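Hi,

Here is the structure I said I would pass on.

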Amino acid sequence: MATTATTFDEAVAVSKPTGGARRGRPGLGRVLAWTALGLIMAVTLFPFYWMLRTAFSNGAFLATEPSNLLPVESTWGAFQRVLGLATTEEAQAQAGSGASVSIIRALLNSVLVASLITAGQVFFGAMAAYAFSRLRWPGRNTVFFVFLTALMVPPIFTQLPNFLLMRDLGLLSSYAAIVLPFFFMTPFAIFFLRQFFLGIPREVEEAARLDGAGAVARFFRVILPMASGPLITLTILQYVQAWGEYLWPLLVASDRDHRVLTVALGVFRSQTPQGAPDWAGLMAATLLAALPVVILFAVFSRKIVNSIGFSGIK
Amino acid sequence: MALTSRNARTGSVPLSGQGLRPDVNGSRRERLTALAFIAPALLGFTVFYLWPTLRGLYFSFTEFDFFSPPRWVGLDNYTSMFSDAIFWNAMKVTVQYVVINIGTQTVLALLLAVLLHRLTRSIFVRSVVLLPYLISNVVVALVFYWMLDAQIGITNQVLGWIGLDAIPFFGDQNWAIPTIAFINTWRHLGYTALLLFAGMLMIPGDVYEAGRVDGASEWKMFWRITLPLLRPILALVLVITVIGSFQAFDTVAVTTAGGPGDATRVIQYYIFDLAFQRYQYGYASAVSVVLFLILAAVAFVQLKLMRADESDVA
């Protein structure tokens, strides 16, 4: 769903704080407005707190105090359990299933896969965006338009035949199967970077050209450094996207060795059927799965927030 | 990628007098360089977008169970859709989901965007509301699966405190779809609000100044200024989110797996179900063609609206 929306640093950065932020006048309306905002923020944050609270609870006692705001019989047990550090007896004593889920393995798989996908998308996307924005060649706009239409094809439509392709290539249950379809191109990355490259003045590149720099040198020494901001933004957005991908990795690589975190979490959830799911363990696992993105966000929040813009605005 | 590196290297050798030719189509060397730059993206596009799209279209006219070669059946898959009760149910459920999800999401996001616009410019507030969007669908689904648990979930505990009966959020035919729609509203609210907020920043501040001089209330300014000037952007955001919601899958897969009964078997889950659990690959492809056509229709409306956007804001 994020694929159709694009982002513009400048849209938000350039506009002045004109309309809002009125000072003073602490009327009833303002109090109500702040209350509403506070409420929305509380509802937004509460599930994160509840994840934390449950993860530090002892699963065996969770049902006894379901509404206690603090961890019930607080323990690291759930984390030890999902990280495979607890023995089967220990795990079962805390309402774990005893079956080991290699969350660590899945975590590493996710890091590997998401990093590869992001690196490929951003680098190849930048190359294509450069060709579409700064090099002159016949058919440039036609090809760009064709690439853009790929934005509209729903993923499920290509995923079924892509699954077959992976099967025919004998790549099922491999990292390659998860990575390849996303590695070389995403229309979004090309579109996003092209918009920015178009904004770089021609003179800048012209100077480098007069110094004898060819297209490749100009791309690496002039364009890429100037675009470091959008490149970082795109990297974060695509990493988050790749990290959260579920259906595709589920289709092509759900075996124990290659499953990524999202798939592993799904397996973990279904290992604890009807009776009493290992909620503490599940929340510890989801917390671990959310952690990298939360850290990324803590470091780059300003950049991410400012980059959420709009494909129609310019 | 031998092609890329070879051409890239020749591309970096400067030819004398190259920069002097004002050729629209670029020099031969520039054309070759451009080809090298888009080669990876072109490869990815052909192999993982174009080819699967054509192949998927072909499969939709065949009977294919993965194991024996596809058998051409003409329009059979499409005609049998008419009498397929599960398909129509999936359509109905998906539309229900889209309507509830878009309704709540748009109203709440508008409220949040106005609060962000008129109350505060805080990056912190914006970061907090965006946070859920960055967490993967699977994690979000699991956290709510836990919080909305019929017996010991915190939500039903709170309902108990205020004297209400426990709600079987995922277990009841009538509650399941609204529940899933609300979960996704929680995840996408901040993102949608930030898109609208970015749109609001485009509205010139002096319009509000003038409004205030005329003694208009905030309420009036919202209906007379913000909403009318935001309309084209609002329409675009709507279309983007409608396209996204039609493809709901992850939350359903992790929480209800289509149940209870067929209550949450949304169209995308039905496609997955057909292909990978019932091995009716050809039929699954046909249903995904129909989904594609629906999304294309939505995209067409989007295009119209973008034109409207030009005439409106100029």
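Let me start with one contact between the chains: A:Asp168 makes a salt bridge with B:Arg55, with 3.2 Å between the closest N and O atoms. Keep in mind that this is a predicted model. B:Arg55 sits in helix α2 of chain B and A:Asp168 in helix α7 (residues 155–168) of chain A, so the pair joins two chains.

On the interface as a whole: 114 residues of chain B are in contact with 108 of chain A. The two chains bury about 10200 Å² between them, 77% of it on carbon and sulfur atoms. B:Phe37, B:Phe48 and B:Trp146 supply 9% of the area chain B buries against chain A, more than any other three residues. Three salt bridges cross this interface, along with ten residue pairs in polar contact. Helix α2 (residues 28–59) gives the most to chain B's side, with 23 residues. By class, that side has 75 nonpolar, 26 polar and 13 charged residues.

B:Trp146 turns up again in helix α6 of chain B, among the buried residues there. Eleven of the eleven residues of that helix (137–147) are buried, so it is largely enclosed by the rest of the structure.

Within chain B, B:Asp262 and B:Arg265 form a salt bridge, with closest N and O atoms 2.7 Å apart. B:Asp262 counts as partly exposed at 28% relative accessibility, and B:Arg265 as buried at 11%. Over all chains the structure holds 14 salt bridges.

As for annotation, the unreviewed UniProt entry lists transmembrane regions in chain B that include residues 32–51 and 97–116. In the model, residues 32–51 are 100% helix, with end C-alpha atoms 25 Å apart; residues 97–116 are also 100% helix, with ends 27 Å apart. The entry also gives an "ABC transmembrane type-1" domain at residues 91–302 of chain B, a span that is 77% helix and 0% strand.

Cheers

Technical notes:
Residues numbered from 1 in each chain as written. Chains lettered and ligands numbered in written order. Predicted model: local features only at pLDDT ≥ 70, side-chain atom pairs only at ≥ 80, totals over all residues. Heavy atoms only, no water. UniProt positions renumbered as here; feature names shortened; annotations may be inferred. Helix = DSSP H or I, 4+ residues; strand = E, 2+ residues; numbered from the N terminus. Contact = heavy atoms within 4.5 Å. Buried area = accessible area lost by both parts, 1.4 Å probe. Salt bridge = Lys/Arg side-chain N within 4 Å of Asp/Glu carboxyl O. Polar contact = N/O pair within 3.5 Å; in protein donor to acceptor, adjacent residues only side chain to side chain. Nonpolar A, V, L, I, M, F, W, Y, C, P; charged D, E, K, R; others polar. Buried < 20%, exposed > 50% of the residue type's maximum accessible area, 1.4 Å probe, protein only.
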